[in-house]
Amino acid sequence: DASETVQVSTSPAEKKEEEGERDAWGAKTEYMLALIGYAVGIGNIWRFPYLCHRYGGGSFLIPYIIMLFVMGIPMFCLETCLGQLTNKGAPGAFAAMHPLFRGIGYAAMVVDLICS
């Protein structure tokens with residue numbers, strides 16, 4: 001019979017996507033390990049201090065550490081908390097605060113792309 005339609009079973013991820021739900025972390029430990037892996041790469045641990053020492057830029061570490069605590073960590077916490085609160089990506093999360101802030105989310109994505 002030509003009028004019959006065949007239904008293809010969908011995966012749980014596709015069902016969630018259709019319902020507008022997003023996946024969540026299974027445990028807080030998984031989330032924390034993913035954040036640490038995102039924030040601390042091999043380049044930060046091995047290469048940066050080595051290059052500072054090799055080229056005599058040890059004095060650069062003082063403003064680097066100051067800016068890390070003044071701007072880096074607070075901005076990281078802001079983006080992480082905002083993403084968790086809104087369950088959206090960077091542009092959508094900042095747009096939830098105000099539609100004009102969507103550009104901040106796109107800028108964060110570009111900076112992440114360049115630094116990765």
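## Close-up views of the helix contacts

**View A. The contact between helices α5 and α6.** In α5, the residues Ala90, Pro91, Gly92, Phe94 and Ala95 meet Arg102, Ile104, Gly105, Tyr106 and Met109 of α6, where contact means heavy atoms within 4.5 Å. By class, this contact of α5 with α6 comprises 7 nonpolar, 2 polar and 1 charged residues (nonpolar: Ala, Val, Leu, Ile, Met, Phe, Trp, Tyr, Cys and Pro; charged: Asp, Glu, Lys and Arg; polar: the others, Gly among them). The model is predicted, so that local features require a pLDDT of at least 70 and side-chain atom pairs count only at pLDDT 80 or more, while totals for chains, interfaces and linings use all residues. Residues are numbered from 1 along each chain as its sequence is written, and side-chain values use heavy atoms, with hydrogens and water left out.

**View B. The whole chain and its confidence.** The protein contains 6 helices and 0 strands, and from the N terminus its elements follow the order α-α-α-α-α-α. Helices (H or I, at least four residues) and strands (E, at least two) are DSSP runs, numbered from the N terminus. The mean pLDDT, the predictor's confidence in each residue from 0 to 100, is 77 for the protein, and 78% of its residues reach 70 or more. Confidence is lowest in helix α1 (residues 12–19), with a mean of 59, and highest in helix α5 (residues 90–97), with a mean of 90. Where pLDDT is low, the predicted coordinates should not be read in detail. Of the 116 residues in the protein, 11% are buried (under 20% relative accessible area; exposed is over 50% and partly exposed lies in between, with a 1.4 Å probe and protein chains only). Among contacts in the protein with a separation of 6 or more, 27% join residues 24 or more positions apart.

**View C. The geometry of α5 against α6.** Helix α6 spans residues 102–115, and α5 packs with α6 at an angle of about 155°, their axes being 7 Å apart. This angle makes α5 roughly antiparallel to α6. Axes are lines fitted to C-alpha atoms, for helices over the stretch in contact, and angles run from 0 to 180 degrees between N-to-C directions. Angles under 35 degrees count as roughly parallel, over 145 as roughly antiparallel, 65 to 115 as roughly perpendicular and the rest as oblique.

**View D. Helix α4 against helix α5.** Helix α4 (residues 61–86) packs with α5 at an angle of about 85°, and the two axes lie 9 Å apart. The two helices, α4 and α5, are therefore roughly perpendicular to each other. On the α4 side, Leu78, Glu79, Leu82, Gly83 and Thr86 meet Ala93, Phe94, Ala96 and Met97 of α5. The contact of α4 with α5 includes 6 nonpolar, 2 polar and 1 charged residues.

**View E. Buried residues of α5.** Pro91, Gly92, Ala93, Phe94 and Ala95 are the buried residues of α5, and these residues pack against α4 and α6. Gly92, placed in α5, is buried with a relative accessible area of 17%. Gly92 and Arg102 stand 10 residues apart in sequence, with a C-alpha to C-alpha distance of 6.5 Å.

**View F. Asn87 in the loop between α4 and α5.** Asn87 lies in the loop between α4 and α5. Asn87 has a phi near 55°, a positive value in a residue other than glycine. Most residues other than glycine have a negative phi. With 48% relative accessibility, Asn87 counts as partly exposed.

**View G. Helix α2 across helix α4.** The axes of helix α2 (residues 28–39) and α4 come within 13 Å and cross at roughly 140°. That angle makes α2 oblique to α4. Tyr31, Leu35, Tyr38 and Ala39 of α2 form the contact with Phe76, Thr80 and Gln84 of α4. By class, the contact of α2 with α4 holds 5 nonpolar, 2 polar and no charged residues. The crossing of α2 with α4 is right-handed.

Note on methods
Left-handed = near helix turned anticlockwise from the far one by under 90°.
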